[in-house]
Amino acid sequence: MRTTIARREFLQQTLGAAALAALPLPRSRPAVQLAVRDFSLVARATTIDVGGGRTWPTWVYNGILPGPELRVREGERIRVVLTNELPDPTSIHWHGLPVPNGMDGVPGLTQAPVMPGETFTYEFDAAPAGTYFYHPHVGLQLDRGLYGALIIEPKEALPLASRPDREYVLMLDDWLTIEPEAALAQMLRQGGMGGMMGGGREPAYAGYLGNGRLTAGADPITVARDERVKLRIINASSATTHRVGLEGHQLVVTHADGQAVAPVAVDSLIIGMGERYDVVVEAGNPGVWPLVVGPADSAVPGVVVPFVYASSTGRLRPVTVWPSSLTRARTLRYADLTPEAMPGPQVQPVTTLDLALGGGMMSGNRWTINGQAYPDADTLRLTRGETVRLSFRNRTMMRHPMHLHGHFFRLMRAGGVPVPGITKDTVIVEPMQQVDVDFTADNPGRWFLHCHHLYHMELGMARVVEI
Ligand code: C2O
Ligand code: CU
């Protein structure tokens, strides 16, 4: 596989992409027609209409929020030209997708920052299929609205019986009307990064957005009766773990972080920053229903998206508190998720890294891994090919959604119990809990490992993993 990529890159340099696409591959390799899909993303300041008469001067891609959806087929090659029209350096990270290290978009680690006025071309293979998203990996830029969905459709069409009739992508965001750097300064000033155990405040969000819109302007999800509706839910928030539920319906979870799981029906799910869930809704209950999203620990919904049957008239009734049908009934737990297919033989990890998550006010407002705050932190060195267990132990009273670049991992233990080994790339470590994930260090390079709470990351909860 790696030699194929090397050959492609070589050919691309010598022949250019158009010639490459038409080039017959040697007979010993599978006959793949490699299509190159070109996209252009321009990061710039603009003013976004978030609905309800509110506007937001901020930074986005291509003038829209969320940024353009990049949708490709598994096995295609993606080429994205990023143009930086911002006043600051930037980059793009392809969250969840194991790309070659030089395409991973972490300035200072995998590339030079893309300076104002510059362009940078990202190019990589679209595999495996799944729900991903893209965002900068510079400071707090994600919290300004620089994000968009990256959808890789499976190479083989699904069997008719399980094919959705309709599909929506739903990107969740916490809406900051001040600059994120100001929000961070405010939090630090108020000692808001936490009490003794590192509990604490979040940035002063003005509201919550579904696909870039407040409740007052939310674009409806329109369905027809008896359709099978697929929702790809992506939490692009910087500091908000959300609960998601649809009144009058169950959510059948089919994929976690884009990877297939055995379908499981729940009334609501909790989704951390950087996590994705694909769910299917069987549209068998006509009406106008609230799809409710909001901070997992709040009684007040953050944003409500109308779920509207084409045949139904009427308006969405206002939802001011969480409907109890969604909060008291079955909430998805990691232990409910099993791999869709029997996993291959489980390789026993040869190396275990115990990673204590700490910090808060008692640590001088730093968030730490084993007492160290990045960038004043040791690199975690691994040998290529070895199987490694990351054992996260949360010593704080806050959730930490931990994300590893360049690899998927298998979730082995969560909430104090062994779990069935699903594939993920981001996992919530609940307060005072332990989560174990195993992965094979097969993608060489220097990879970021961090809490996807952007403010925790910025204040130190990150490490470099060198393979
Ligand atoms: Cu969304 Cu370092 O990642
Ligand atoms: Cu965190």
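Q: What does the secondary structure of the chain come to?
A: The chain has five helices and 31 strands. The model is predicted.

Q: And how much of the chain is buried?
A: Buried residues account for 56% of the 467 residues.

Q: What about the accessible surface of the chain?
A: That surface comes to about 18,600 Å². Carbon and sulfur atoms own 53% of the area.

Q: What share of contacts between residues at least 6 apart join residues at least 24 apart?
A: That share is 75% in this chain.

Q: Are cysteine 451 and histidine 456 buried or exposed?
A: Both cysteine 451 and histidine 456 are buried.

Q: Changing topic to sheets. What is the strand order in the open sheet of five strands?
A: The order is β11-β19-β18-β13-β16, and the pairing is mixed. The edges are β11 (221-223) and β16 (268-271), each of which pairs on one side only.

Q: How many degrees are neighbouring strands of this sheet turned against each other on average?
A: The average is 20 degrees, with direction ignored.

Q: Which way do β11 and β19 run, parallel or antiparallel?
A: β11 and β19 pair in the parallel sense, over three bridges. Valine 223 stands opposite tyrosine 309 of β19 there.

Q: And how many bridges join β18 to β19?
A: Six bridges join β18 to β19, and these two strands run antiparallel. Valine 288 is opposite valine 308 in β19.

Q: What about β13 and β18?
A: Strand β13 (residues 242-246) and strand β18 (residues 288-295) are antiparallel, joined by five bridges. Glycine 245 faces valine 292 of β18, standing opposite that residue.

Q: Back to β19. Why is it described as largely enclosed?
A: Seven of the seven residues of strand β19 (residues 303-309) are buried, so the rest of the structure largely encloses this strand.

Q: Which residues of β19 lie on which side?
A: Val303, Val305, Phe307 and Tyr309 are on one side, with Val304, Pro306 and Val308 on the other. Both faces are covered, and all of these residues are buried. In a regular strand, side chains alternate between the two faces of the sheet.

Q: On to charges. How many salt bridges does a search of the whole structure find?
A: The search finds 32 salt bridges.

Q: What does aspartate 49 form a salt bridge with?
A: Its partner is arginine 213, and the closest N and O atoms are 3.7 Å apart. The two lie in distant parts of the chain, 164 residues apart: aspartate 49 in strand β1 (residues 36-51), arginine 213 in the loop between β10 (207-210) and β11. Aspartate 49 counts as partly exposed because its relative accessibility is 44%.

Q: And what does arginine 232 form a salt bridge with?
A: Arginine 232 pairs with aspartate 278, at 3.6 Å between the closest N and O atoms. Arginine 232 is in strand β12 (residues 228-235) and aspartate 278 in strand β17 (residues 276-282), so the pair ties together parts 46 residues apart in sequence.

Q: Buried or exposed, that aspartate 278?
A: Aspartate 278 counts as buried, at 2% relative accessibility. Arginine 232 counts as buried too, at 5%.

Q: Where does glutamate 430 lie, the one in a salt bridge with arginine 399?
A: Glutamate 430 is in the loop between β28 (426-429) and β29 (434-440), and arginine 399 in the loop between β23 (387-394) and β24 (400-404). The N to O distance of the salt bridge is 3.2 Å. Glutamate 430 is partly exposed at 31% relative accessibility, while arginine 399 is buried at 18%.

Q: Which residues do salt bridges with shared partners join into one network?
A: The network consists of Glu69, Arg71, Arg73, Glu153, Glu167, Lys230, Arg232 and Asp278.

Q: Last one: where is methionine 187 found?
A: Methionine 187 is in helix α3 (residues 180-189) and counts as buried at 3% relative accessibility. Its C-alpha is 6.6 Å from that of proline 203, which is 16 residues apart in sequence.

Technical notes. Residues are numbered from 1 along each chain as its sequence is written. Chains are lettered from A and ligands numbered from 1 in the order in which they are written. This is a predicted model: local features need pLDDT of at least 70, side-chain atom pairs count only at pLDDT 80 or more; totals for chains, interfaces and linings use all residues. Side-chain values use heavy atoms; hydrogens and water are left out. Buried means under 20% relative accessible area, exposed over 50%, partly exposed in between (1.4 Å probe, protein chains only). Two strands pair if DSSP finds at least two bridges between them. Helices (H or I, at least four residues) and strands (E, at least two) are DSSP runs, numbered from the N terminus. Axes are lines fitted to C-alpha atoms, for helices over the stretch in contact, and angles run from 0 to 180 degrees between N-to-C directions. A salt bridge is a side-chain nitrogen of Lys or Arg within 4 Å of a carboxyl oxygen of Asp or Glu. Contact means heavy atoms within 4.5 Å. Accessible areas come from the Shrake-Rupley method with a 1.4 Å probe; for residues, only the protein chains shown count as cover.
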